[in-house]
Every structure is written in structure tokens, then in C-alpha cells.
Amino acid sequence: MITLTIDGIKVQAEEGETILQAAKRAGIRIPTLCYLEGLSPRGACRLCLVEIRNWGGRLVPSCATPVQEGLEVVANSPRLRELRRTILEMIFAERNHICAFCVSNGHCELQDLAMELGMDHVRFPYRWPLLFVDLSHEKYGIDHNRCVLCGRCVRACSEVEGAMTWGFSNRGIFTLVEADLGDPWGKSTTCTGCGKCVQACPTGALFEKGKATSEQVKKPEIILEVTERRPRV
Amino acid sequence: MGVAEKVRELVRPYRGKPTELIQALHRVQSVLGWLPREAQEAVAEVLGVPASQVRGVVTFYHFFRTKPAGKHTIRVCLGTACHVRGGERVLNAICDELEVKPGETSVDGKFSVEVVRCLGCCGLAPVMMIDEEVYGRLDPTKARRIVREFS
């Protein structure tokens, strides 16, 4: 067992566990977006940043940092709150995240985070690129304007379903989640139509067809349920 | 021989080796000049890599082309020295002359325009290369003339 302190509380953790897992068990809340239980951690969104006192105040993503003996972790502080809020502002400024017209309004992790962290305005100019909406799939749709590039759909597709349909194309601000060789989703030869990507998606980027504003409720917890049901090798 | 068979032949040494993806794509592009859809599919199949990952790599690196290259390649330098001496204006003039954006090929298929970072002759800034030939001390007018008169 490894002992570390998080926000002054002594926490015990198994070797190989992450700071996030240890904090969760100790009842300490760390906001996350790209992290989803049942999927490999990616450290992409940086919302789960924590400060390590004995590493000279270095900031590390708690979802992807293993626990170490004697770590003094700061998980919540005015500095971290400000950093996390700034990251959220940048995500909101990058694409179209106007909640009022979104299928996931009221059931959106991005929206929840904004409320939790008190992000009441955005200090960056909105970019609002005009991205397309792919409705070619029989059951689901993808609206790239709502996508935060967390990669949960990509990981659910490869790690849980094993279809490896989704991937990232291009780079930087031009990055898109696309199927196979950039084909319309409905034309994909590898997609099984399982819908795990839709359930894993934290925003309204992936949705079930026929859902109107505010009607899309997601069940991201099914990813963990499915993986836990698998026999351990 | 179709494109797919040709590509399968080319990447045979990388069969079943997903880690050799970039090498395989390099090899295919060095022969075909670009990476058409059928080539990407064939590479995915032979190496055992998901199509989505092939696409990810092909679109991530500017080196890989998903559209055929023109007969000649214009490389406009936007490295530090060329940037300071007006490389962007040269680039804009060329793009305007050929009605393309950087990375694209003119409608007649004659020129592809690429942006590069330093051609190693900063003393001639701003510079561009057409195929293997270097053109230095450019300005927008001069660049337009060179492109127009190039045969």
C-alpha cells in the first residue's frame, strides 16, 4: 500500500492506481472530462490537473499519474479552480457549444462542469468554425460542432467494442473524429452500430437520431459495466 | 496492374507489421506521388492496421498527399529569414496567380504549391524552389513572373 495526502487528507492506495482513483475513493472530487471509467486514461482535456507540492508545485493530470509514496497532492485550490475554468473557456470558445439548441442540454458533462466551476463567461473570442453534421448513419448522428475531441468515442470503439471505426483525422484546431478513411458514418464497413460511442460522448456531439433539444440522455456508465462483465485473463 | 495490387506488392515487406505504417506510406507515396484511397485501403489491409488509423497518420503529417501532385512542385519558404523578408507576400502572390491554397494543385495540374520551413539558403531570402531549382531574392511581382513564364 502507498500512502499519500490529497488536500491534507491521508489516503491509502494500491500501487499502480492513479491519483484520480485514490482521490475518488477518499471522497475528494476532481473534475474530469476526457476520463471515463472503463477506458484507458488519455490526459487530453487537462481538467483533472492537480498540483504536486513536493514536485515544486508541478501540475499533472491526475487521471494519468500513478500514486507515489509520500506525494502531497493539492486537488482543489483557487489556483486550480482558475486554471480549470480557463481550460473550460477555451473548450467553449473552440466550437459551437450553445446549450439552448443542443440535444444534450441538461444532460451534458461539459455544461455540468461549467456550472460546477462557475464558468459564467468566456474571455476568449468564439471561433465557431462551420463544421458539418453527419446524419448518414441509420441510428445515430455526429455533430462536429459540439465535439470537444476528448476521444472517449474513439477509445470506446477500439478498447471496448474492438471495431476501431473512429479515429482522429487532421490535427490541431482542424482535428475531427471520423470513421474509417473519412467516410460518412453510414458508409462505414467496420461500424457495428453498437452505439457505445454515443453513450460515451460527454456532449451532444454524438446522439441518437430522433432526439430533439434536451432529450438526449447519455449512459456513459455502460462502458464500465461492459468492461467489468468481461472475464479477467 | 491496378493501384491496389501495385501497393500490395510495394508494402509486402511490412506485412503484419502495424508499427511500420509510416514507412509503408512513405514507400507508396514515393512511387505513386500521392496516397489515393485504394492505396490507403491496401496499406491498412496488408499491415493489419485499422483504416481509421491509416487516415489519422495520412492526414496528420503534411508530407503525405491525399490529392495527386502537380507536374511541378513549388516550395515557398516561410522560415525565419524568409518570413522577415516577406515570404508570405510571395506565397500569396503565387497562390493568387495559380488560384490555389497552400498544399493544393492548380486546376491544370501543372503546379503544386507547398509551404516549407527553410530551404537552407537564407542569404537569398525570400526564396522558393520549383522542383530542384532555387529562386531567391523574390518579391511578389518577380515570383508571379517566374511562375507565369515557367515551362
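1. Two residues count as in contact if their C-beta atoms, placed from the backbone, lie within 7 Å. By that rule, and leaving aside neighbours within four places in sequence, Thr227(A) touches Gly38(A) and Val160(A). Note that the model is predicted.

2. Thr227(A) sits in helix α6 of chain A, residues 222-228. Thr227(A) has 14, so the residue is partly exposed.

3. The overall fold of chain A comes next. The chain carries 6 helices and 10 strands. Its C-alpha trace spans about 50 × 50 × 30 Å along the principal axes. The radius of gyration is 18 Å; a compact globule of 233 residues would have one near 17 Å, which agrees.

4. Burial and contact range in chain A can be read together. Buried residues account for 42% of the 233 residues. Of the contacts between residues at least 6 apart in sequence, 64% join residues at least 24 apart.

5. Strands β3 (residues 49-52) and β4 (residues 58-61) of chain A run antiparallel, joined by 4 bridges. Within this pairing, Val50(A) faces Val60(A) in β4(A). The hairpin has 5 residues between the strands. Which residue there takes a positive phi? Gly56(A) does, with a value near 70°.

6. Gly56(A) also gives a reference point for Thr227(A). The two are 171 residues apart in sequence. In space they are 37 Å apart, C-alpha to C-alpha.

Note on methods. Residues numbered from 1 in each chain as written. Chains lettered and ligands numbered in written order. Predicted model: local features only at pLDDT ≥ 70, side-chain atom pairs only at ≥ 80, totals over all residues. Helix = DSSP H or I, 4+ residues; strand = E, 2+ residues; numbered from the N terminus. Rg over C-alpha atoms; globule rule 2.2 N^0.38 Å. Buried ≥ 20, exposed ≤ 12 C-beta atoms within 10 Å, placed from the backbone. Pairing = 2+ DSSP bridges.
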